[in-house]
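I set out to record what I looked up in this structure. My entries follow the order in which I consulted the model.

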Amino acid sequence: MGAPAVSDEYTPPRLSRLLHSLPHINVTLHRVNDTFAPNSPVYLESLGILGSIPGAWLILTLTVLLIYLLTRCCDRKQRPPRSITALKITLMILSVLCCGAIGVGLFGNDDLHNAMLQSIQAGNQLAALVNTVKNQSSILEEAMGSRARAPLARLADALDAPVANQTALGTLLRALSALRNNASAAASAADNLRQPLAKLNLDAFMKKAWVWEAARWAGGMAGWCCGGAVCVALLAAAARRSRRALLLLCVGALGALVVCWLAGAVLAAGAVAAADACQEPAAALAHHAPHGLPVDMVHYYLSCKVSRENVLTAELRNAQRAVVAVRQALAVLSRGAPQLFNDPGLQPALGALGAGTGEAERALVALSGALECRMARAYFVAAARAACDAGLQALSLQLLAAVVAGFLFTAIVLVDSHAWIYINTKRSGGGEEQAPFLSSGGSSAASRTLPRPAPFPNGKPPSYGAAVQLMDLERPRYTHTFTYTYTGEDLPSRMSGSATLGRGAGGGGAGAALGGAHTLGRAPHNGKYATLSKQCKTLESSDFY
């Protein structure tokens with residue numbers, strides 16, 4: 001595993017230094033220590049005061065809007081027609097600017113996501129480095145511990161056989177004792193390398209960090225998209241004069257205003273805290289990260305300042321010395337034991353010990369590279385640069401977008417409410433002006449509901465009697481009787497007789513009225529034609545009209 005091709009030098013970005021220079025004060029307006037300390041109530045209090053600035057502005061904005069709406073809601077003054085055009089243009093311009101601010105926020109949210117993914121990737125490489133130390137330490141401990149016990153026991157049994165050369169036997173026994181002691185020392189050193197890292201599970205932490213970042217990114221995208229939808233809806237509503245649409249969008253803009261300033265408060269506190277941590281990220285992680293490791297060890301690997309020897313490095317050197325001694329002792333036994341003893345189990349035991357020693361040596365080579373502080377420092381610097389440079393810039397960009405969107409939504413609420421009040425006042429006043437002409441009285445209603453008479457039969461106008469019946473359509477049933485008297489003057493026979501005009505009992509329309517009793521005929525005249533007397537031309541019914 002090679003070190004990444006990046007410099008291990010870290011310098012706090014300019015934006016980080018700028019945000020870090022903001023005054024950290026408490027409730028008594030006294031400056032406090034600005035070193036990153038999330039476990040300190042005083043430090044958290046200073047962050048809360050910085051984050052309360054957008055919250056205070058939100059309260060002031062809502063108060064101003066409330067006063068404005070209370071003073072304008074009862075305004076019934078007629079506005080000139082040209083004023084609504086200015087309001088529509090202003091609302092369109094503000095909506096377009098609001099869409100631009102929302103777009104900047106979306107870009108910042110996505111840029112922050114990319115920066116955090118780079119940091120998580122560097123963290124995964126650091127986790128792989130820790131896993132390498134754990135695995136190789138386990139291999140070393142197993143090779144020099146459990147797997148070496150059986151070969152050492154067989155070798156000791158073989159050396160118990162009587163031989164004539166006691167000098168050579170003493171040399172072999174001392175080599176066997178050194179082999180046993182150094183193998184135990186190497187296994188103990190490997191266990192000391194593994195134990196401090198046993199509770200450190202960077203893989204699980206990085207998976208949780210990825211899930212948290214994915215949820216943060218999705219929530220940020222949803223929030224900015226909702227704000228953009230409000231801006232687009234305002235832009236569409238500005239093109240038409242709809243009271244209901246303007247009212248609903250005014251409420252939506254008011255909600256977006258509140259969300260923007262609340263998000264600005266959270267982003268302001270988060271940006272300052274991130275800037276404080278980015279001044280000395282190694283110290284911040286060493287003292288406040290939930291790693292469960294000694295602070296000196298974490299600070300050593302993240303800063304790579306060789307002020308004193310690290311505990312893991314010391315154990316690595318002990319293991320290396322022990323394995324070298326095991327190799328030397330095994331070489332002495334491999335040369336002398338086969339010459340003095342003719343035991344068939346001797347050679348397999350020496351071979352197993354040699355294979356275990358070779359495996360331990362390879363594990364030590366891997367541990368030597370993994371425990372080098374420069375590799376861990378390189379991964380950490382890559383993560384810190386991604387988070388403190390690009391990540392902090394994206395976070396500040398979102399803060400700026402939230403503040404600008406808050407001001408724009410404030411202006412939109414003012415203009416939108418003014419337009420709604422204007423349209424509402426104009427329509428309520430214009431309702432009386434647009435009343436229909438001659439709208440009072442029953443005659444107009446009757447004239448609107450009068451049924452049209454049926455077409456003339458055979459295309460000819462009706463006679464006098466039929467016309468009288470048509471005039472009597474909308475009146476109660478009357479029977480009119482005309483009385484004729486006869487004189488000596490002769491008239492044509494077609495004018496003689498009696499006539500009765502009236503409506504049938506079931507007459508409901510023009511056809512029924514025309515179908516009433518209408519009789520013309522001859523009356524008894526004793527051979528003379530009847531004539532109509534001018535003096536007796538009367539109507540028996542006085543309520544014809």
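Is Gly-108 buried or exposed? I found that Gly-108 counts as buried, at 0% relative accessibility; buried means under 20% relative accessible area, exposed over 50%, and partly exposed in between, with a 1.4 Å probe and protein chains only.

**Entry on the model.** I noted that this is a predicted model, in which local features need pLDDT of at least 70, side-chain atom pairs count only at pLDDT 80 or more, and totals for chains, interfaces and linings use all residues. Residues are numbered from 1 along each chain as its sequence is written, and side-chain values use heavy atoms, with hydrogens and water left out.

**Entry on confidence.** I read pLDDT as the predictor's confidence in each residue, from 0 to 100. The protein averages 77, and 72% of its residues score at least 70. Confidence is highest in helix α1 (residues 14-20), at a mean of 93, and lowest in helix α15 (residues 510-514), at 36. Helices here are DSSP runs (H or I, at least four residues), as are strands (E, at least two), numbered from the N terminus. Over residues 478-545 the pLDDT stays under 50, and the model has 86 contacts beyond four places in sequence for this stretch; contact means heavy atoms within 4.5 Å.

**Entry on Gly-108.** I located Gly-108 in helix α3. Leaving out residues up to four places away in sequence, Gly-108 touches Ala-394, Leu-397 and Gln-398. I also looked up Ala-390, which lies 282 residues from Gly-108 in sequence, with 9.8 Å between their C-alpha atoms.

**Entry on the cores.** A nonpolar core is a set of buried Ala, Val, Leu, Ile, Met, Phe, Trp, Tyr and Cys residues joined through side-chain atoms within 4.5 Å. I found 68 residues in the largest one, where Leu-140, Met-144, Leu-155, Leu-179, Tyr-301 and Leu-333 have the most contacts inside the core. Helix α5 gives the most to this core, with eleven residues. Beyond neighbours within four places in sequence, Leu-333 is in contact with several residues, among them Leu-155, Leu-179 and Leu-350. A second, separate core has 41 residues, including Leu-91, Leu-112, Phe-409 and Ala-419.

**Entry on Arg-377.** I placed Arg-377 in helix α12. Arg-377 is buried, with a relative accessible area of 12%. What does the side chain of Arg-377 reach? I found the backbone oxygen of Leu-302, at 2.6 Å.

Key: A polar contact is a pair of N or O atoms within 3.5 Å; within protein, one must be able to donate a hydrogen and the other to accept it, and residues adjacent in sequence count only if both atoms are side-chain atoms.
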